Amino acid sequence: ITLRIDKICENTLQIANYLRNHNKIQKLLYTSLEDSKYFRLAEELFGSKSGPLINLELRSKKECYTFMNALKMIRRGTNFCDNKSMIIHPYSTIYCEFENLEKELMNVNDRMIRLSIGLEDIVDIKEDIEQALHAI
């Protein structure tokens, strides 16, 4: 399991760094990035391995769906930290039954997607993300 988690965290950090200044990404949150307000806490709790989840914000809900629909390798799913990369639109899925005020208090909006990076080859992950961002 250690080798799997090590590779997932390595891939996730590479993808977060790759996307952090992408012109189509409005906001990116990943605790292993040094500019994250949670970096020190994550480092204290998890060392250099803060997991597979990256929160991204695009300009609109429509862009989120266009992006997710354009992905070829990365699949929609809810079982994160899997061997395969997955994506979800939390606002319309796992938080759909919450009131809008509750979502707002939890910083969940309709422009956010959660990306869980898996074990696939990093070049394949980047290519899939890039071609999907190009579709926006």
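In which helix does Phe-46 lie? In this predicted model, Phe-46 is part of helix H2, which spans residues 39-46. Together with Tyr-38, Leu-41 and Leu-45, Phe-46 forms a nonpolar patch on the surface, and the accessible area of these residues together is about 430 Å².

Four salt bridges were counted in the structure. One of them joins Asp-35 to Arg-20, with the closest N and O atoms 2.9 Å apart. Because Asp-35 lies in the loop between strand E1 (27-29) and H2, and Arg-20 in the loop between helix H1 (2-19) and E1, this pair ties together parts that are 15 residues apart in sequence. Asp-35 is exposed, at 59% relative accessibility, whereas Arg-20, at 30%, is partly exposed.

A further salt bridge is formed by the side chains of Arg-111 and Glu-57, at an N to O distance of 3.7 Å. Arg-111 is located in the loop between helix H4 (100-105) and strand E5 (112-116) and Glu-57 in strand E2 (residues 53-57), so that the contact ties together parts 54 residues apart in sequence. Here Glu-57 is buried, with a relative accessible area of 12%, while Arg-111 is partly exposed, at 31%. Arg-59 and Glu-63 likewise form a salt bridge, their closest N and O atoms being 2.8 Å apart; Arg-59 is partly exposed at 45% relative accessibility, and Glu-63 is buried at 11%.

With regard to aromatic residues, the structure holds one aromatic pair. The ring centres of Tyr-95 and Phe-98 are 5.4 Å apart and their planes stand at 50°, so the pair is classed as tilted. Tyr-95 is buried, at 16% relative accessibility, and Phe-98 is partly exposed, at 35%.

Note on methods: Residues numbered from 1 in each chain as written. Predicted model: local features only at pLDDT ≥ 70, side-chain atom pairs only at ≥ 80, totals over all residues. Heavy atoms only, no water. Phe/Tyr/Trp six-rings, centres within 6.5 Å; stacked < 30°, edge-to-face > 60°. Buried < 20%, exposed > 50% of the residue type's maximum accessible area, 1.4 Å probe, protein only. Patch = residues over 30% accessible without salt bridge, like charges linked within 9 Å, V, L, I, M, F, W, Y side chains within 5 Å. Areas by Shrake-Rupley, 256 points an atom, 1.4 Å probe, with all protein chains shown as cover. Helix = DSSP H or I, 4+ residues; strand = E, 2+ residues; numbered from the N terminus.
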